[in-house]
Amino acid sequence: MKVQDNLTRIEQEIQSACKKKNRSRSEIKIIAVTKYVTPERAREAMNAGIDNFGENRPEGLLAKQEVLGDKPVWHFIGSLQSRKVKTIIDKVDYIHSLDRLSLAEEIQKRANKQIKCFVQVNSSGEASKHGLSPAEVIHFIHALKSFDKIQVVGLMTMAPNTDDEVILRECFRTLKELRDQIENLKLDYAPCHELSMGMSNDFGIAIEEGSTMVRIGTALVGE
């Protein structure tokens, strides 16, 4: 299936979710998650008009950048080991997985520019998921005040792999409520306007619940 055809279907679903909640389509960015596909397939997505790309491994990020260049906006969306920070830090625009002070310290030490970061939250409480518990998030945000290379632009979560809409909505609402609390603090270093939530199987629901960035892999570029 061509990426363009997939994108057309995804766009229809995004428009439908926006219409339901009276949201503007311009509020939502699609991040093409290209971790399982070839650089050529990623290029097809770029040619279809996608300009935000997400990778979850440093090696994958560098391989895709070699083919696509600096034109796209690059998002690192996987769990990031502190020792790998130096490999990617000046190659990315966003990191979606800030979840501990040791990682913040490494970003601070290695970055040559301010990095837009999402704090990763385990809003489902699953033991298999990375991220802070909702109760830890605001304390963590305050602890980042002295890190001038980090700007907290939003929160990120991964919902459970389920078709149960009630569980999905609860997970996304928890994140939005937290985001609203942090946004209301009006912190210069943590404006926290964005919500990175929703993937191939649940992005429509995520948008209905307030997502501003959806990370779509399989539904867009295939396996």
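Which backbone oxygen lies 2.5 Å from a polar atom of the side chain of S97? The backbone oxygen of G78 does. The model here is a predicted one.

S97 is found in strand β4, which covers residues 94-98. Is S97 buried or exposed? S97 counts as buried because its relative accessibility is 1%, and buried means under 20%. Leaving out residues up to four places away in sequence, S97 touches F76, G78, S79, L80, L103, F118 and Q120.

Now turn to helix α7. This helix runs through residues 165-185 and has 21 residues. From its first C-alpha to its last, α7 reaches 31 Å, close to the 30 Å expected at 1.5 Å a residue. Look next at the two ends. After the helix comes K186. The phi of K186 is positive, near 55 degrees.

Which residues of α7 are buried? They are L168, R169, C171, F172, L175, L178, R179 and I182. Two arginines, R169 and R179, are on that list. What covers these buried residues includes two helices, α6 (137-143) and α8 (203-208). The cover also includes the strands β6 (150-156) and β7 (194-196).

The loop between α7 and β7 holds C192. C192 is buried, because its relative accessible area is 0% and the limit for buried is under 20%. Its backbone also deserves a look. Most residues other than glycine have a negative phi. C192 is not a glycine, yet its phi is positive, about 55 degrees.

N22 has a positive phi of about 55 degrees too, and N22 is not a glycine either. Its place is in the loop between α1 (3-20) and β1 (29-33). Is N22 buried or exposed? N22 counts as exposed because its relative accessibility is 74%, and exposed means over 50%.

Another loop, the one between α6 and β6, is the place of K149. K149 has a relative accessible area of 24%, so K149 is partly exposed. What does K149 contact, leaving aside its neighbours within four places in sequence? The contacts are I107, Q108, A111, K113, Q114 and I115. One of these, A111, has its backbone oxygen 2.8 Å from a polar atom of the K149 side chain. K149 and E105 are 44 residues apart in sequence. In space, their C-alpha atoms are 9.6 Å apart.

Of the 22 residues that line the pocket, the closest to its centre are V33, K35, N56, M158 and M199. Strand β8 (213-216) supplies at least two residues of the lining, and so does helix α9 (218-221). What is the lining of the largest pocket by class? There are nine nonpolar, ten polar and three charged residues.

Technical notes: Residues numbered from 1 in each chain as written. Predicted model: local features only at pLDDT ≥ 70, side-chain atom pairs only at ≥ 80, totals over all residues. Heavy atoms only, no water. Helix = DSSP H or I, 4+ residues; strand = E, 2+ residues; numbered from the N terminus. Expected span 1.5 Å × (residues − 1). Buried < 20%, exposed > 50% of the residue type's maximum accessible area, 1.4 Å probe, protein only. Contact = heavy atoms within 4.5 Å. Polar contact = N/O pair within 3.5 Å; in protein donor to acceptor, adjacent residues only side chain to side chain. 1 Å grid on protein atoms, 1.4 Å probe; cavity = no way out; pocket = protein on both sides within 12 Å on 5 of 7 lines; lining within 4 Å. Nonpolar A, V, L, I, M, F, W, Y, C, P; charged D, E, K, R; others polar.
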